[in-house]
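Q: I want to learn to read this model. Could you take me through it step by step?

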Amino acid sequence: MAIRQVREIGDEILTKQCKKVKKISLRTKILIGDMLDTMYDKNGVGLAAPQVGVLKQIVVIDVGEGPIVLINPEILETSGEQTGEEGCLSVPGKWGLVKRPNHVKVRAFNENMELFEMEGEGLLARAFCHEIDHLSGQLYVNKTEDGLHDVTYEEEPEYTEDAE
């Protein structure tokens, strides 16, 4: 598989509506593999097809429990509320506070075009909403509560042992 270029904010493709996938072709399977490779290479939690320049309704997510592939996903139910820091591979070096549902139920097809439903809470619920937003040309930057902030990497304090 290959690492693809991630499109960044300002690229017109990120504002467009994606088309439904009607069947899985070899090109689509390669795209899904490339999307997973790209997401892992960039240390992302999720990636949507328009972020790599393809206007198809395909999302990949991994919140640490293994990869999830969602084709033509739709949100069926949401409940609860969470506000937390959100970033995006298409908006490098920035983050913002975004309010999302704490529980989300989605329906989608997998890479074999088998329909399934899945529920997620916390980070997975946030990832579902964030990535599915990409498929309709929406970026999280329009949902931040207090604008965008620069990502800063604080150094861990060195462990020191008091000598007696």
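Q: How many helices and strands are there in the chain?

A: Helices (H or I, at least four residues) and strands (E, at least two) are DSSP runs, numbered from the N terminus. Here there are two helices and eight strands. Their pattern along the sequence is α-β-β-β-β-β-β-β-α-β. Residues are numbered from 1 along each chain as its sequence is written. The model is predicted, with local features needing pLDDT of at least 70, side-chain atom pairs counting only at pLDDT 80 or more, and totals for chains, interfaces and linings using all residues; side-chain values use heavy atoms, without hydrogens and water.

Q: How do β4 and β5 run, and how many bridges join them?

A: Two strands pair if DSSP finds at least two bridges between them. β4 and β5 run antiparallel, with six bridges. A hairpin through two residues connects β4 to β5.

Q: What share of the residues in the chain is buried?

A: Buried means under 20% relative accessible area (1.4 Å probe, protein chains only). Of the 164 residues, 43% are buried.

Q: What share of the contacts with a separation of 6 or more joins residues 24 or more positions apart?

A: Contact means heavy atoms within 4.5 Å. Such residues account for 65% of those contacts.

Q: Which elements give two or more residues to the lining of the largest pocket?

A: A pocket is an open set of points on a 1 Å grid over the protein atoms alone, where a 1.4 Å probe fits, with protein on both sides within 12 Å along at least five of seven lines; lining residues have an atom within 4 Å of a point. The largest pocket is lined by 21 residues, with Val45, Glu86, Gly87, Cys88 and Leu89 nearest its centre. The elements are β4 (82–88), β5 (91–100) and α2 (123–134). α2 gives the most, five residues.

Note on methods:
Buried means under 20% relative accessible area, exposed over 50%, partly exposed in between (1.4 Å probe, protein chains only).
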